[in-house]
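Please read the following briefing alongside the sequence and the model.

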Amino acid sequence: MNSIVHEDLDNPDDVVFYEIWNCSRETWLAEEATKPYRNAPFEQAGPMVIERTLNWLVSAGEWGSRLTSGKHH
């Protein structure tokens with residue numbers, strides 16, 4: 001698993017946190033989503049978190065890293 005946090009330069013109140021997992025959506029939901037540690041960052045952020053959404057993305061390309069494919073593109 002890899003985790004990345006981004007701040008939006010044009011909207012400093014917007015922060016995007018995403019994780020890259022090497023498993024299916026079904027496996028993640030069954031095995032990872034319910035683990036207690038998953039809520040800690042959001043509990044610590046408290047009232048700063050206005051909205052939290054989950055999106056499932058598929059890598060369409062990668063350059064300069066091996067985060068999603070294990071191969072250098």
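**Salt bridge and model basis**

Where a salt bridge is taken as a side-chain nitrogen of Lys or Arg within 4 Å of a carboxyl oxygen of Asp or Glu, the count comes to one salt bridge. This is a predicted model, in which local features need pLDDT of at least 70 and side-chain atom pairs count only at pLDDT 80 or more, while totals for chains, interfaces and linings use all residues. Residues are numbered from 1 along each chain as its sequence is written, and side-chain values use heavy atoms, with hydrogens and water left out.

**Confidence**

- The mean pLDDT of the protein is 77, and 92% of the residues score at least 70, pLDDT being the predictor's confidence in each residue on a scale from 0 to 100.

**E32 and its surroundings**

- E32 lies in the loop that runs between α1 (25–31) and α2 (40–45).
- The side chain of E32 forms a salt bridge with that of K35, with an N to O distance of 3.2 Å.
- E32 counts as buried because its relative accessibility is 11%, whereas K35, at 33%, counts as partly exposed; buried means under 20% relative accessible area, exposed over 50%, and partly exposed in between, with a 1.4 Å probe and protein chains only.
- The side chain of E32 also makes a polar contact with the side chain of Y37, at 3.0 Å, a polar contact being a pair of N or O atoms within 3.5 Å, where within protein one must be able to donate a hydrogen and the other to accept it, and where residues adjacent in sequence count only if both atoms are side-chain atoms.
- When neighbours within four places in sequence are left aside, E32 is in contact (heavy atoms within 4.5 Å) with W21, T27, Y37 and R38.

- F17 belongs to strand β2, which covers residues 15–20, and F17 counts as partly exposed because its relative accessibility is 42%.
- Together with V5 and V15, F17 forms a nonpolar patch on the surface, for which the accessible area is about 280 Å² in total.
- Patches are made of residues with over 30% relative accessible area and no salt bridge, with like charges joined within 9 Å and nonpolar side chains (Val, Leu, Ile, Met, Phe, Trp, Tyr) within 5 Å; accessible areas come from the Shrake-Rupley method with a 1.4 Å probe, and for residues only the protein chains shown count as cover.
- V16 is also found in strand β2 and is partly exposed, with a relative accessible area of 48%; apart from neighbours within four places in sequence, V16 is in contact with I4, V5 and H6.
- I20, likewise in strand β2, is buried, with a relative accessible area of 17%.

**Spacing between C-alpha atoms**

- I20 and E32 are 12 residues apart in sequence, and their C-alpha atoms are 13 Å apart in space.
- V16 and R52, which are 36 residues apart in sequence, have a C-alpha to C-alpha distance of 9.6 Å.
- L57, in the segment after α2, counts as exposed at 77% relative accessibility, and its C-alpha atom is separated by 10.0 Å from that of R25, 32 residues away along the chain.
- P12 is placed in the loop between β1 (2–7) and β2 and counts as exposed at 62% relative accessibility, while P12 and T34, 22 residues apart in sequence, are 30 Å apart in space, C-alpha to C-alpha.

Definitions and conventions
Helix = DSSP H or I, 4+ residues; strand = E, 2+ residues; numbered from the N terminus.
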